[in-house]
Amino acid sequence: MPQILVQDLAKTYRVAEREPGLLGAARGLVRRRTRTVEALRDVSFSLERGELLGFIGPNGAGKSTTIKILSGILRPDSGRVEVGGLVPYADRIAHVSRIGVVFGQRTQLWWDLPVIDGFDLLRDIYRVDPVRYARTRDELVSLLRLSTLLDQPVRQLSLGQRMRAEIAAALLHEPDVLFLDEPTIGLDAPSKLAVREFVKRLNRERGVTVLLTTHDMHDIEALAERVIVIGHGQVLADSPFEQLRNDVLRERRLFIDFADDAPHIDLPGVEVRARGGRSLELAFDPSIVPAPRLIAAITADYAVDDVHVEQPAIEEVIARFYDLHGAAEA
Amino acid sequence: MTIARPYAAAFAARFMLLLQYRAAALAGFATQCWWGGIKVMVYAAFYAAAPAAASTSLSLSQTITYTWVAQALFALVPWTGDPEIGQAVRTGAVGYDRLRPVDTYGWWYARAAAWMTAKVVPRAALMLAFAGVLLPLIGLETWSWRPPPDVAQASLFAVSAVLLVALSSAWVMLLNLAAVRFLDERGVNALTASLIIVFSGNLLPLPLFPNWMQTFLFVQPFAGMLDIPVRIYSGDLVGERALAGLALQAGWTGFFILVGRIWMERLMGRLQMQGG
């Protein structure tokens with residue numbers, strides 16, 4: 001029995017629409033128009049206890065909606081969802097006491113309260129045994145280096161400090177499952193590393209099941225063993241990260257500076273990506289044309305000043321993957 | 001005890017935090033003092049000049065005490081929804097409230113009750129010190145806040161004051177839910193505040209309205225949000241009438257809680273979170 005089970009999940013939103021301009025506003029007084037937006041069309045996946053799953057997809061793909069349904073905030077229109085045998089929206093109170101959630105764009109701590117008061121309040125809200133709470137809190141404080149921040153009101157924390165406090169806040173009741181919705185958004189490099197390091201340890205050492213969404217491919221690279229790509233409310237790919245990387249990262253780029261004007265190149269498995277005066281950028285699939293053979297073929301026919309080969313940035317590859325599946329936000 | 005723990009903690013945290021806002025308390029006290037003084041003078045002129053005053057159940061000194069007590073309890077009148085909930089609706093923090101293993105209605109209710117009581121405690125204490133202690137000391141006893149007539153009325157008032165908090169919080173919850181429904185609390189607040197200012201007795205003690213309106217004024221819900229407890233205090237509502245007042249407060253509280261809970265259940269079932 002998987003810990004998280006999602007089957008044929010669908011969710012639509014109704015959005016109010018108004019025609020632009022004064023006339024549109026006047027019409028809106030008489031008749032309101034709404035439009036239905038399909039946030040999730042048909043999402044299915046399952047997750048075993050202790051897995052670490054990365055959820056990626058363009059803005060508006062349905063990542064956050066999925067997390068909100070899994071955490072019991074939203075009710076799906078149809079489909080089946082179970083976490084640890086409970087249906088999140090139906091058994092909300094029992095369910096939420098076993099999960100931890102961090103929304104990177106919102107805060108769950110109390111703006112005016114010192115961090116430690118917020119933690120104490122969460123202890124009472126989750127009815128955590130005080131002795132157990134003190135142990136968990138001290139552990140989290142030392143792992144996330146929070147000791148100097150505890151007395152400060154949340155509003156005074158930097159984003160990186162606040163995110164560390166948010167993650168601690170989500171774990172004070174020792175949940176089995178952690179949902180992280182863009183936990184590294186807006187963070188600087190050291191803070192990102194700290195968050196990644198901590199999440200990885202939590203998953204490896206405590207066996208906490210983690211589901212995270214992100215736009216930062218380095219998060220995925222550092223953390224996720226398995227990746228789901230979602231677009232237009234559908235699962236586009238569900239595979240181990242290595243496989244996804246091999247599938248979409250196979251492509252290489254060859255940059256060539258010719259001695260004269262750049263010629264037309266027409267070889268199987270090779271595509272011209274950019275052309276400028278004497279230079280060419282070629283994309284090629286090394287499983288069809290290995291790099292040495294391609295370079296040899298070109299240098300045999302033309303006078304070449306310089307060549308170098310690059311692997312495209314993972315961001316770019318993912319963007320192309322979205323394009324390919326028509327998943328990019330309209 | 002463990003069942004109540006989250007709600008008690010929410011109440012305590014908010015109460016302690018708001019109690020620290022000294023400037024707001026002083027400003028509120030000064031405003032309510034000023035208005036109280038004006039009202040007291042207007043009533044004195046009214047009682048001296050209008051023969052109709054004799055037909056009301058309140059004497060001038062009861063009206064003066066009514067005015068000061070009403071000014072002291074000003075912060076317990078539910079003028080607006082809870083600003084914290086209004087903000088949570090606009091920022092999407094409502095989602096986090098749904099992530100807590102607590103009954104969301106009870107959780108918001110405890111916070112609303114804390115918000116109102118934390119505001120009223122310093123203001124009422126200052127008002128009592130001014131109108132109940134300082135005025136008699138400087139020889140203005142006629143214009144002062146008098147103690148309740150006897151122990152019985154004082155204890156009935158204590159019960160009525162607790163019911164006032166319960167009733168006002170239940171009403172605040174309806175305003176909160178309206179904010180969730182319409183994604184903005186300002187319209188509803190403006191609409192209901194004008195009803196409350198008249199029907200709670202804040203503008204004019206309800207006994208001073210025409211006699212033919214009295215039955216209606218007594219049974220409508222807003223009377224329990226100020227008029228009933230204040231009239232019990234000043235000795236205008238005694239015996240069975242006082243008990244009827246308490247029953248009305250309790251009944252309306254139960255009714256508003258029931259309506260609020262049903263409404264909340266429906267709203268949360270179709271909650272949407274927009275953006276990210």
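Predicted model: local features only at pLDDT ≥ 70, side-chain atom pairs only at ≥ 80, totals over all residues.
Q: Start with the layout of chain A. Which domains is chain A divided into?
A: Chain A has domain 1, covering 4-246, and domain 2, covering 250-311.

Q: How far apart do the C-alpha centres of domain 1 and domain 2 of chain A lie?
A: Those centres of domain 1 and domain 2 of chain A are 44 Å apart.

Q: Take the sheet with β10 to β13 of chain A. What is the strand order?
A: The order is β11-β12-β10-β13 in chain A. It is an open sheet of 4 strands, and the pairing is antiparallel.

Q: Which are the edge strands?
A: β11 (270-276) and β13 (304-310) of chain A, each of which pairs on one side only.

Q: And what does the twist average from one strand to the next?
A: The twist averages 20° from one strand to the next.

Q: How many bridges join β10(A) to β12(A)?
A: There are 6 bridges between β10 (residues 252-258) and β12 (residues 279-284) of chain A, and the two strands run antiparallel. As a reference point in that pair, L254(A) stands opposite L282(A) in β12(A).

Q: What about β11(A) and β12(A), how many bridges there?
A: β11(A) and β12(A) are joined by 6 bridges and run antiparallel. R275(A) has L280(A) in β12(A) as its bridge partner.

Q: How many residues sit between the strands in the hairpin of β11(A) and β12(A)?
A: The hairpin has 2 residues between the strands, and G277(A) takes a positive phi near 55°.

Q: Which helix lies across β10, β11, β12 and β13 of chain A?
A: Helix α10 (residues 291-301) of chain A does, running at about 160° to β13(A).

Q: What holds paired strands of a sheet together, in general?
A: Strands of a sheet pair through backbone hydrogen bonds, either parallel or antiparallel.

Q: Switching to the contact of the two chains. How many residues does the contact take from chain B and from chain A?
A: The contact takes 21 residues from chain B and 23 residues from chain A.

Q: Which elements give two or more residues to the side of chain B that touches chain A?
A: Those elements are α1 and α5 (94-98) of chain B. α1(B) gives the most, with 5 residues.

Q: How do the residues of that side of chain B divide by class?
A: The side of chain B that touches chain A has 11 nonpolar, 7 polar and 3 charged residues.

Q: At what angle do α4(A) and α1(B) pack?
A: Helix α4 (residues 115-125) of chain A and helix α1 (residues 5-19) of chain B pack at about 155°, and their axes are 7 Å apart. They are therefore roughly antiparallel to each other.

Q: Which residues make the contact?
A: From α4(A), D117(A), L121(A), D124(A) and I125(A); from α1(B), R5(B), P6(B), A9(B) and A13(B). This contact of α4(A) with α1(B) has 5 nonpolar, no polar and 3 charged residues.

Q: Now inside chain B. At what angle do α3(B) and α10(B) pack?
A: Helix α3 (residues 60-72) and helix α10 (residues 227-234) of chain B pack at about 135°, with axes 9 Å apart. That makes α3(B) oblique to α10(B). The crossing of α3(B) past α10(B) is right-handed.

Q: Which residues of α3(B) and α10(B) meet?
A: Q62(B), T65(B), Y66(B), V69(B) and A70(B) of α3(B) meet V230(B), Y233(B) and S234(B) of α10(B). By class, the contact has 5 nonpolar, 3 polar and no charged residues.

Q: Last pair: how far apart are the axes of α7(B) and α8(B)?
A: The axes of α7 (residues 151-182) and α8 (residues 186-199) of chain B are 9 Å apart, at an angle of about 145°. α7(B) passes α8(B) in a right-handed crossing. L175(B), A178(B), A179(B) and F182(B) of α7(B) make the contact with G187(B), V188(B), N189(B) and T192(B) of α8(B).

Technical notes: Residues numbered from 1 in each chain as written. Chains lettered and ligands numbered in written order. Axes fitted to C-alpha atoms, helices over the stretch in contact; angles between N-to-C directions. Parallel < 35°, antiparallel > 145°, perpendicular 65-115°, else oblique. Contact = placed C-beta atoms within 7 Å. Nonpolar A, V, L, I, M, F, W, Y, C, P; charged D, E, K, R; others polar. Domains from an automatic or database assignment. Left-handed = near helix turned anticlockwise from the far one by under 90°. Pairing = 2+ DSSP bridges.
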